[in-house]
Amino acid sequence: MSTGTPQGGAAESQHHAADVLDEAHKESRFATLQRKWDGLPRWQQWIALLVVAAFLYCMPFLNPPLLKTTATDFPVACAEMARYALIALGLNVVVGQAGLLDLGYVGFFAVGSYVAALWTSPDSTLVHLPYLWSLPLAMVVTVFFGILLGIPTLRLRGDYLAIVTLGFGEIIRLLATLIPPLKGQQGFQNIGRPPGTDSAGKALFLNTNGTAWYMLTVTVIIVVMLLLGNLERSRVGRAWNAIREDEDAAEIMGVPTFKFKLYAFGIGAAIGGLTGAITAGQIGFVNNQGFNVQTSMLFLTAVILGGAGNRFGAVIGGVMVAYIPLRFTGIAEYKYLIFGVLLVIMMIFRPQGLFGARQHLLALGRTVNARVAAMRGAVPPATGTKETI
Amino acid sequence: VHSILANDQWISLDWVTLRQTFWPTTFNGLTFGAIYALVALGYTLVYGVLNLINFAHSEVFISGAYAVVFTLSALGFGPSAPDLSPALIAFDLILAGLAGMAAAAMVAFLLERIAYRPLRARGAPRLVFLITAIGASFTIQGIFFKWRGANPEPAVIMFQDKPLFQFGSTQIYLRQFIIVLAALIMMIGVDQLIRRTKIGRGIRSVAQDPDTATLMGVDKERIIILTFVLGGALAGAGALFYVMQVPSGVMYTGGFILGIKAFTAAVLGGIGNVRGALLGGLLLGLIGNYGAILFGNAQWTDVVCFVVLVLVLMVRPNGILGTNLGKVRA
């Protein structure tokens, strides 16, 4: 990936440089917001986040008049949005952080779903586990699959990787159809659910009870976001950023790129598998349908739309991708067309997504970052504004 | 502890059937391979010139296939073989083929103009091109879905397929003969076009070094457009043969699977290499068809092809013939 422009002439690259500078000066509304947010003291940020989290937990009870979905029960819709947000978070590690275009992400999602199905559904002849145990198991198994796919393919350049992962996703889907014990279209019924009953003695995590599943998923999202945030600020996150910006340069600077790409793949796979298992639990049924490339594309759209490399952006993108077809059922049928067009337009006009990855000095932390931000008004930035994704 | 491994059979291998049907499978595989090769050329040419995997090429192909089906339906072809003189059928088929080539070339042209050119003007990073290509691919799929619905187009039979001659104890059908022969002629034509003509020299020079080519007076943008159009036209021709081979295989997702296989063929032979595309296509056609018979289900073809892709990239990422377009000697 050393040559970002396979066909850039000298004149063109100058033109490009001018463009980049332009873009650095031209600030979008979101970037201003982001700047303001970065300027807040740490404790204020935490309080704001706690308020947001509390608000999110209340979401299914609020049932906001304009926002609510008419065709689907709103809590169930919320649970679906949360699942998309979670999977977008996972894919964001691979695509956004490490810059590896994974088009077969649905494969990991499928593996996670099937793990939950095989170990909790009465239709399976395997030994049965309590549902909650199937979540970590799903993560372990998908990490294994992630590494299995990653070791041969992560040596490849970006575009080859994209097509190989695409193939992987299809292989998983086809194997679910072709291998008899995976039961093809017949699938697995009555997948387990977390324990717990409400005051009336009914099971809490019924398939129709979106609220319980939503709460569970949001909790998982918060935990995953905290962990990923730490990872992002650590050596691993810096290595990912370096690989995303220029893999050759990263390698020369001593970053073991293969190892860190494999980490990204493994972590992304684990989150994908986890989401798959949660989805299987909520729907209560898994068969070979719905694990197609189109679904992978939806996940990718979520990440790109929100802003690859920014985990808050990914969550928002995931919510949007799930929400739009649920809310506007008239256009739900055309969602692939709409999201396809959206991808093309975004790539032409705003490749960094709604909330782009933030470029900052990761190693030195917030204080230096603030100082640099203050200096920015006086001195135009020389480097570090290269657009990402 | 129960095990699913012990209870059911996961995969069964049917060597007996494979041995019994070896030669028919081989010829069928070569027929499919010829189609893969024609589509693979589109990937290879664009990759050679732009270093870009044009994901949306599969949709260029399926646009051609739709055009072929529409033209043939308009000419009165239907689910049973037409009762016409051979010359008239040949004329109609050529007409349908030209329509398919024109439609696919048009889609490829628009794709380059609308989706890729703005990015190239901006010097966007590689990943942006890839995501655009995927977006474009899904856009075209979405358009066909909206327009033609989720079901395949009704089958169009072009002619009464009959055994043409005998090879050992295996009969070779007219359809197989036409497809392989026509595809071979086209591939040789493209190969010669690239090696001998002025356009070919332009393509090779841009593939080698776009900057120097521009300095030497080659119009880079024109060459890029030409490459897309040429790849599109070949995919359109491939579409005619695809409809001939799989009469009811034209649906909105139909391009995707064939596209991946064609791409695999291009990589197998060496991406950016025109002769490699032919070799890779034929080989992949054979491997896929043997796999389908061996595992006992046509869907295994896809799995086998993907596995081949991964293996090739692991062991020999430059493919079998592994040169690039720029290094072709005239």
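**Exercise 1. Salt bridges in chain B**

Which residue forms a salt bridge with B:Glu112, and how far apart are the closest N and O atoms? Then place the pair in its network.

*Solution.* 
Step 1. Recall the cut-off: a salt bridge is a side-chain nitrogen of Lys or Arg within 4 Å of a carboxyl oxygen of Asp or Glu.
Step 2. B:Glu112 pairs with B:Arg117, with 3.7 Å between the closest N and O atoms.
Step 3. Note the basis. This is a predicted model, in which local features need pLDDT of at least 70 and side-chain atom pairs count only at pLDDT 80 or more, while totals for chains, interfaces and linings use all residues. Residues are numbered from 1 along each chain as its sequence is written, chains are lettered from A and ligands numbered from 1 in the order in which they are written, and side-chain values use heavy atoms, with hydrogens and water left out.
Step 4. Check exposure (buried is under 20% relative accessible area, exposed over 50%, partly exposed in between; 1.4 Å probe, protein chains only). B:Glu112 has 0% relative accessibility, so it is buried. B:Arg117 has 22%, so it is partly exposed.
Step 5. Look for a further partner. B:Arg120 also bridges to B:Glu112, with the closest N and O atoms 1.8 Å apart. Both of these residues are buried.
Step 6. Salt bridges link B:Glu112, B:Arg117, B:Arg120 and B:Glu221. Over all chains, the structure holds 12 salt bridges.

**Exercise 2. Another bridge**

Is B:Glu153 buried or exposed? Describe its salt bridge as well.

*Solution.* 
Step 1. B:Glu153 bridges to B:Arg148, the closest N and O atoms being 2.9 Å apart.
Step 2. B:Glu153 has a relative accessible area of 6%, so it is buried.
Step 3. B:Arg148 has 34%, so it is partly exposed.

**Exercise 3. Two crossing helices**

At roughly what angle do the axes of helix 12 and helix 13 of chain B cross?

*Solution.* 
Step 1. Helices (H or I, at least four residues) and strands (E, at least two) are DSSP runs, numbered from the N terminus. Axes are lines fitted to C-alpha atoms, for helices over the stretch in contact, and angles run from 0 to 180 degrees between N-to-C directions.
Step 2. Helix 12 spans residues 274-295 and helix 13 spans residues 300-315; their axes come within 8 Å and cross at roughly 130°.
Step 3. Classify the angle: under 35 degrees is roughly parallel, over 145 roughly antiparallel, 65 to 115 roughly perpendicular and the rest oblique. Helices 12 and 13 of chain B are therefore oblique to each other.
Step 4. List the contact (heavy atoms within 4.5 Å). Helix 12 of chain B contributes residues including B:Leu284, B:Ile287 and B:Phe295, and helix 13 of chain B residues including B:Trp300 and B:Val304.

**Exercise 4. A glutamate in chain A**

Which residues does A:Glu170 touch, not counting residues up to four places away in sequence?

*Solution.* 
Step 1. Locate A:Glu170: helix 7 (residues 158-178) of chain A.
Step 2. A:Glu170 has 2% relative accessibility, so it is buried.
Step 3. With those sequence neighbours left out, A:Glu170 touches A:Asn292, A:Val293, B:Phe256, B:Ile257 and B:Phe306.

**Exercise 5. Positive phi**

Where does A:Asn190 lie? Give its phi and exposure.

*Solution.* 
Step 1. Most residues other than glycine have a negative phi.
Step 2. A:Asn190 is not a glycine, yet its phi is positive, about 50°.
Step 3. A:Asn190 sits in the loop between helix 7 and helix 8 (210-233) of chain A.
Step 4. Its relative accessible area is 56%, so A:Asn190 is exposed.
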